[in-house]
Amino acid sequence: MRRLSKKKNVAFTLLFLIGGFYFINHSDFLIAGLRTSLEPPPRVLTWEAERPVSKESWVEQGDFLPLNVSYQLLAGSASPQQRFLSVGISSVKRQKGSYLIPTLQSLFSQSSPEERSSMVVVLLLADFDVSWRVSTVKEIRAAFTSELEQGQLLVLHVHQEWYPPLKGLKRNYNDAPDRVSFRSKQNLDYAFLMHYSAALGRYYLQLEDDVSSAKSFLSTIRRRVDEQERKTGTTWAMLEFSTLGFIGKLYKSAHLSLLARFLFLFYQEMPCDWLMSHFKTLLTQKEQILFKPSLFQHMGTFSSFQGTFNKLKDKNFEAGFFNNPPAEVFTDISTYQKHFPKLAWESGEGFFWGRSPEEGNHLTVVFAEPAVVTRILIETGSGGKDLLQSAQVEVGREVVSTERQEKTCKEFLSVGTLKNGGFEMQEVDKEISSASSCLRILVTALQKDWIIVNKIRISIKSSSGVNPSS
């Protein structure tokens, strides 16, 4: 009888263990709980974020194509009010250097209070190293207290359990396995980031964690979007404000839910910027829409992948210290082909190209309205050639007409001369405090070489007396 009882107990114990293992292996909830317990996060990182749901996309309206992911909210709180712009940044631990804090500082410092209230920066700390996340959150809390309190900055994390396989992936371009894993995880990071951000803003801007921003970038983006939306018979899926990688790419938030799933589905096929090119085509945008000058510059020296040296720079970036007002540009220097003088005044890649200037020739900018000039920058030449070798820079007052039915100023005052083909002067208003109507480059000696004038930039004071570029 005792032997039979012992056999029953052993059999019951085995059945209990087998049933327990089966239940554990088939319970996502328990697996998640067990995995989480293996990595006990500090209390500051424990609560979960409820993702705001956008009903602009058909994908979300009926919960079609559900994307199964849960978020940890590490810092900040989402505002119930939708902003104009959400800015997405994904960051991981780097072997060399860290540019995350300077990137965030640039975003906020280059924006006015009104601009900051129109955007929310969503930062995904995508590294699985919990100690790095804790130290990074601590640093962010100390540096951006106000932005966190005002709902202008959110910090998130997605636990590793929500990621599909990151090892043994397809090597479509014969890249090394570790590089394939890195770029595939990056696609997933962006997918999760976009999925969360879909309802936070009307538009979504993708950045990397090692960029600097131009002054008032948000206002420039708003203006460019308005221009694009006013165009009839055109459609767009992506506007580009940088020539580099996945920096400065703008999307309609109504497309984000679909885009997140697109990146998730094809995460191991190719890099994110290549995938985005295909997504743009699928949404019937036929051509690239790239605006210049660029609004964002790559500042990192070392890549987030293995700390390799990375010297990428966007040659079309301008920090935004200048705010050229509306103006007309005149010259008596013979112009080559379609390289008109106004191209040196306008932002972009254009430039003025003129044939050999003589003493007394000029290039004159006539402002639409008088303005107090605070800063002047002039750049000439290309690769050390076609420099304007001898000229003085002048500001003028009182607009008059010339015999050639052009405009100029009645009187001019010199503020300096070109050196090595260039001129830069700050605090011009300390010497000339009154409003000016013209800026003139006056050639002071004959030269045989042709000239290229790349940039003529100025900063002016607003009507309130405050320099808008300061």
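Begin by selecting helix α10 together with helix α11 (residues 272-282), which pack with their axes 11 Å apart and at an angle of about 135 degrees. This is a predicted model, in which local features need pLDDT of at least 70 and side-chain atom pairs count only at pLDDT 80 or more, while totals for chains, interfaces and linings use all residues. Residues are numbered from 1 along each chain as its sequence is written, and side-chain values use heavy atoms, with hydrogens and water left out.

Helices (H or I, at least four residues) and strands (E, at least two) are DSSP runs, numbered from the N terminus. Axes are lines fitted to C-alpha atoms, for helices over the stretch in contact, and angles run from 0 to 180 degrees between N-to-C directions. Angles under 35 degrees count as roughly parallel, over 145 as roughly antiparallel, 65 to 115 as roughly perpendicular and the rest as oblique; α10 and α11 are therefore oblique to each other.

Leu-258, Leu-259, Phe-262 and Leu-263 of α10 make the contact with Leu-275, Met-276, His-278, Phe-279 and Leu-282 of α11, where contact means heavy atoms within 4.5 Å. By class, eight of these residues are nonpolar, one is polar and none is charged (Ala, Val, Leu, Ile, Met, Phe, Trp, Tyr, Cys and Pro count as nonpolar, Asp, Glu, Lys and Arg as charged, and the others, Gly among them, as polar).

The crossing here is left-handed. On the α8 side, the residues that meet α10 include Leu-188, Phe-192 and Met-194, and their partners in α10 include Leu-259, Leu-263 and Phe-264. The contact of α8 with α10 comprises 10 nonpolar residues, three polar and one charged.

Within α8, pick out Ser-184. Is Ser-184 buried or exposed? Its relative accessibility is 0%, so Ser-184 counts as buried (under 20% relative accessible area; exposed is over 50% and partly exposed in between, with a 1.4 Å probe and protein chains only). Apart from neighbours within four places in sequence, Ser-184 touches Leu-169, Tyr-267 and Gln-268.

Turn next to the strands. Select the open sheet of five strands, ordered β11-β13-β18-β15-β16 with antiparallel pairing (two strands pair if DSSP finds at least two bridges between them). Its edge strands, each pairing on one side only, are β11 (327-331) and β16 (407-417). Five bridges join β11 to the antiparallel strand β13 (residues 362-371), and Ala-327 stands opposite Phe-367 in β13.

A further selection is the open sheet of four strands, β12-β19-β14-β17, again with antiparallel pairing. Here β12 (352-354) and β17 (422-426) are the edge strands, and the twist averages 25 degrees from one strand to the next. Strand β14 (residues 373-380) runs antiparallel to strand β19 (residues 451-460), and seven bridges join them. Arg-375 stands opposite Ser-459 in β19.

Finally, display the whole protein chain, which has 11 helices and 19 strands. Buried residues make up 49% of its 470 residues.

Methods. Left-handed = near helix turned anticlockwise from the far one by under 90°.
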